[in-house]
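Please read the points below alongside the coordinates.

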Amino acid sequence: MESSAPRTAVVWQVLRRELTRADRPLNVLDVGGGTGGFAVPLAQAGHTVTVVDASPDALAALIRRAAEAGVGERVRAVQGDGDGLADLVEPETVDLVLCHSLLEVVDDPHKVVAALAGTLRPGGAASVVVANRAAAVLARAINGHLAAASLLLASPDGRGDARDRLRRRYSAETATALLDESGLTVEQIHGVRVVADLVPGTVAESEPEALAAFELVLAGTPPYRDIATQLHLLARRS
């Protein structure tokens, strides 16, 4: 499986541990999985993956990518939205559900999380990646956009002005509360891209392994975790 890219290293580390814990091929659901950046490597590792995405173009690219990787038979593409999972996936049939960079843009994140939880078997896990409000505030302030930083800080949802492409952002506490509402117990929280977005591009190109290793060291350690560009939560259905 892919794991060395600094920007996704911690997510893959957590997923590898979850897959090792299961010690068997899993039924995986990737909601908003697009072209298969996670789905195809998981299928290559022997798991069956269903990708639900609203974009037919992304799903077409996913199918091509899976075929080229020799895992077309283990990857299923389904067009649809996260809040419609009940009509797309049988309840309590999924071992691991991925929901990465989706809850920031959907109409109703509470409905989507409830739908995710409904697909999981008891004991199944959810891998959730969300945008971190603190990082966005700091990024705007560092770039000299103090008014924009203040607006985002004061927003109840962690959203900036009308040009903001995200509808909301989270903290570890608000993301945990959202998952808890649907009966998912958060077991781990890590920062994603703690420093990967801050170092010069030459460092990322010349020392990717060192940068990934440093990301892994910082990812689970407050306060560094809490200023990462994204937060990764692993939650479990009881």
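1. Is F38 buried or exposed? With a relative accessible area of 16%, F38 is buried, where buried means under 20% relative accessible area, exposed means over 50%, and partly exposed lies in between, with a 1.4 Å probe and protein chains only. The model is a predicted one, in which local features need pLDDT of at least 70 and side-chain atom pairs count only at pLDDT 80 or more, while totals for chains, interfaces and linings use all residues. Residues are numbered from 1 along each chain as its sequence is written, and side-chain values use heavy atoms, with hydrogens and water left out.

2. A search of the whole structure returns one aromatic pair, the criterion being that rings of Phe, Tyr and Trp (its six-membered ring) have centres within 6.5 Å, with planes under 30 degrees apart counted as stacked, over 60 as edge-to-face and the rest as tilted. The ring centres of W12 and F38 are 4.8 Å apart and their planes stand at 20°, so the pair is stacked. This pair links distant parts of the chain, since W12 belongs to helix α1 (residues 9-22) and F38 to the loop between β1 (27-31) and α2 (39-44), 26 residues apart. W12 is buried as well, at a relative accessible area of 2%.

3. Taken as a whole, the chain has nine helices and seven strands, which are DSSP runs numbered from the N terminus (helices H or I, at least four residues; strands E, at least two). The radius of gyration is 18 Å, close to the 18 Å that the globule rule gives for 238 residues, so the chain is as compact as a globular protein of that length; the radius is taken over C-alpha atoms, and the rule is 2.2 Å times the number of residues to the power 0.38. Along its principal axes the C-alpha trace spans about 50 × 40 × 35 Å.

4. Of the 238 residues in the chain, 47% are buried. Among contacts with a separation of 6 or more, 73% join residues 24 or more positions apart, a contact being heavy atoms within 4.5 Å. The accessible surface comes to about 11300 Å², and 53% of that area belongs to carbon and sulfur atoms; the areas come from the Shrake-Rupley method with a 1.4 Å probe, and for residues only the protein chains shown count as cover.

5. As for charge, the mean positions of the 23 positive and 30 negative charges are 1 Å apart. Lys and Arg count as positive and Asp and Glu as negative, whereas His and the chain ends are not counted; each charge is placed at NZ of Lys, CZ of Arg, CG of Asp or CD of Glu.

6. Not counting residues up to four places away in sequence, V128 touches C99, H100, L103, L179, L231, H232 and L233. For V128 and L231, which are 103 residues apart in sequence, the C-alpha to C-alpha distance is 8.1 Å.

7. The peptide bond from P222 to P223 is cis, with omega near 5°, and P223 sits in the loop between α9 (208-219) and β7 (230-237). Phi is positive in D23, near 60°, and in R193, near 65°, each being a residue other than glycine.
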